[in-house]
Amino acid sequence: MESSFLLEDINEVVKSVLEAKPNKVILFNGEMGVGKTTFIKALCKELGVQEATSSPTFSLVNEYETSDGALIYHFDVYRLKNEAEAYDMGMDEYLYSNAWNFIEWAEKIPSLIPDRHSVIDLTKLPNGNRKLVLTNF
C-alpha cells in the first residue's frame, strides 16, 4: 500500500492502513521529524485508545489499553546502545504477546523482529506532504 497525504489527513490514511490488515508488529522507518510518533498516536486513537499518548523516547516503551481491553506497546529504541539492552527489558516478550507493537528505530534491534511483521516507511516530500509505504512480511 502506498499513500501521499498532508498531516491534516492522517486519520484517513490510518484507516486505510488498518484496512490493509498489517501484522501486529509494525516497524516505523523515517527520518527524525517525519511524523512517525504522530502517525502512531493516530493509530492508537483509531484502535480505541482514549488516554493521552506520547513518545516513549525516554521510557523506551509506552503501554496503552484500547476501549475493548487490547494492549498496544509503542517502542522508541533510538537510545539503545545494543540489542542486549532490548533483551534485558524483555522486549522479545512484548513482540510475541499478540498485542499491537509499534516500533520506531527498529534497525537497532534486527534480530528481535518477528518474521511476521509490517513496515511503514514515511518520507517527507518537497511539497510538505508525507509519503507512506506499507509492506507486510
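The model is predicted: local features need pLDDT of at least 70, side-chain atom pairs count only at pLDDT 80 or more, and totals for chains, interfaces and linings use all residues. Residues are numbered from 1 along each chain as its sequence is written, and side-chain values use heavy atoms, with hydrogens and water left out.

Start with the aromatic rings. Rings of Phe, Tyr and Trp (its six-membered ring) pair if their centres lie within 6.5 Å; planes under 30 degrees apart are stacked, over 60 edge-to-face, and the rest tilted. That rule gives seven aromatic pairs. One of them joins F28 and F102: the ring centres are 6.0 Å apart and the planes stand at 90 degrees, so the pair is edge-to-face. F28 sits in strand β2 (residues 25-29) and F102 in strand β5 (residues 100-104), so this contact ties together parts that are 74 residues apart in sequence. Helices (H or I, at least four residues) and strands (E, at least two) are DSSP runs, numbered from the N terminus. F28 and F102 are both buried. Buried means under 20% relative accessible area, exposed over 50%, and partly exposed in between (1.4 Å probe, protein chains only). A single aromatic cluster takes in F5, F28, F39, W100 and F102.

An α-helix has 3.6 residues a turn, so residues three or four places apart point the same way. Just past α2, G48 adopts a positive phi of about 110 degrees.

Now the charges. A salt bridge puts a side-chain nitrogen of Lys or Arg within 4 Å of a carboxyl oxygen of Asp or Glu. The structure holds one. K131 and E2 form it, at 3.7 Å from N to O. K131 belongs to strand β7 (residues 130-136) and E2 to strand β1 (residues 2-5), so the bridge ties together parts that are 129 residues apart in sequence. K131 is partly exposed, at 30% relative accessible area. E2 is exposed, at 56%.

Finish on the surface. E51, E63, E65 and D68 gather there in a patch of negative charge. Patch residues have over 30% relative accessible area and no salt bridge, with like charges joined within 9 Å and nonpolar side chains (Val, Leu, Ile, Met, Phe, Trp, Tyr) within 5 Å. E51 lies in the loop between α2 (36-46) and β3 (61-65). With 42% relative accessibility, E51 is partly exposed.

Technical notes:
Areas by Shrake-Rupley, 256 points an atom, 1.4 Å probe, with all protein chains shown as cover. Lys, Arg positive; Asp, Glu negative; His and termini not counted. Charge placed at Lys NZ, Arg CZ, Asp CG, Glu CD.
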